[in-house]
Amino acid sequence: MLSNEVIARYGVLVVFLNVLGSSLGLPLPVIPTLITVGAGITLATRGASPTLLHFATIIGAAMIGGVLGDLVWFQGGKRYGESTLHIVCKLSLSRETCVRKTERFFGRWGVRVLIVARFLPGLSLVAVPLCGAMAVRLRTFILHDGAGVALWASVGLTIGAIFASQIDGVFALVSHLGWHTLFVIGIALVLYVAYRYCRRVLLAKALEKARISVGELHALLANNPRPVVFDIRSAERRMLDPFVIPGAVLADERKLQQIVECYGVNRTLVIYCSCPNDVSAAWMARRLRRAGVKLALPLLGGIGAWRAAGFEVDPMMVATGVVVSGEGRELLAH
């Protein structure tokens, strides 16, 4: 492996660049880097200068790199809102669900979610622009984001320090076996990313077969009986875009039983969300069909496609402290 002295000398720069790049969305192995640097510093400074001083410097570098990178996405979320969220989701291997999960976390914890966001894959990348879109104060954002980066970096360095001897042995074994071992590991990582990508493509194709277009929905709304349209966007997303398709009912996709009991199994149900590939709406439609609903369809493109087609939207109204749709009904359970 690299000399422990070299790691101790250049560890600060390596960690800064890795955390900065990762915060900007680059697929860098930051945690392995932190663990390696923590192990290298521990071995290099054993019996010499205090390791805690080195660790404090590394954590400071990680905080600066992390906050600088996150500020780019924070300002993007503040200025461009939903468009920035869709961009960062394209950088995630789990982009179909990352926005939805992050919005739920944010709805429950607010800006405090940044303290633990980096420990959960995909959460940090979306939570940062979401904070900007939700008008979190810059000072509050920097304090919470910096604390989260510091905690995250401290855990990585501590793991490296605790298992320094074992990590040194692993690198010695890799060196003994030859650097082609790293090539094999790299191939395995590439295959994993390719698998996730192929699974995403196959899922999108499978869901594409059972959807309704905005033009078809517009025509159905002129019929009697009208289909029931469900808006399952999160409360945070509705705050960013406080409009609904005319007659839409605000709903929670986790409350399927209440929906079936309220509307029965013979009504045509159309669901729209604000997630990439309409995955939340597609999954809800599939579960409704399994629950006995004869016709439940996700809306292709959601409310964005509805607007793009030139169809009207209704503003949501606030009454008795509850956000309701045009028909005054809701099935929310926040």
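Reply: Leaving aside residues up to four places away in sequence, Leu-269 touches Val-228, Phe-230, Ile-259, Tyr-263, Leu-288, Val-293, Leu-295, Ala-296 and Leu-297. The model is a predicted one, and these contacts are read from its atoms.

Leu-269 belongs to the largest nonpolar core, which has 19 residues. Together with Phe-230, Ile-232, Ile-259, Ile-271, Met-284 and Leu-288, Leu-269 is among the members that touch the most others in that core. Several elements give two or more residues to this core: the strands β1 (228–231), β3 (249–251) and β4 (268–272), and the helices α12 (256–263) and α13 (279–290). Leu-269 lies within the range of β4, and its contacts include Val-228 and Phe-230, which fall in the range of β1. Ile-259 and Tyr-263, also touched by Leu-269, fall in the range of α12, while Leu-288 falls in that of α13.

A second, separate core holds 18 residues, including Phe-106, Val-126, Ala-127 and Cys-131. Of these, Val-126, Ala-127 and Cys-131 are also among the buried residues of helix α6. This helix spans residues 123–133 and is mostly covered, with 11 of its 11 residues buried. Leu-123 and Ser-124 are buried in α6, as are Gly-132 and Ala-133. After α6 comes Ala-135, which has a positive phi, near 60°.

Cys-131 counts as buried because its relative accessibility is 0%. Cys-262, at a relative accessible area of 47%, is partly exposed. The count of disulfides in the model is zero.

Of its 334 residues, 43% count as buried. Among contacts with a separation of 6 or more, 73% are between residues 24 or more positions apart. The chain exposes about 17,100 Å², and carbon and sulfur atoms supply 65% of that area.

The mean pLDDT is 80, and 78% of the residues reach 70 or more.

Note on methods
Residues are numbered from 1 along each chain as its sequence is written. This is a predicted model: local features need pLDDT of at least 70, side-chain atom pairs count only at pLDDT 80 or more; totals for chains, interfaces and linings use all residues. Side-chain values use heavy atoms; hydrogens and water are left out. Buried means under 20% relative accessible area, exposed over 50%, partly exposed in between (1.4 Å probe, protein chains only). Contact means heavy atoms within 4.5 Å. Accessible areas come from the Shrake-Rupley method with a 1.4 Å probe; for residues, only the protein chains shown count as cover. A nonpolar core is a set of buried Ala, Val, Leu, Ile, Met, Phe, Trp, Tyr and Cys residues joined through side-chain atoms within 4.5 Å. Helices (H or I, at least four residues) and strands (E, at least two) are DSSP runs, numbered from the N terminus. pLDDT is the predictor's confidence in each residue, from 0 to 100. A disulfide is a pair of cysteine sulfur atoms within 2.5 Å.
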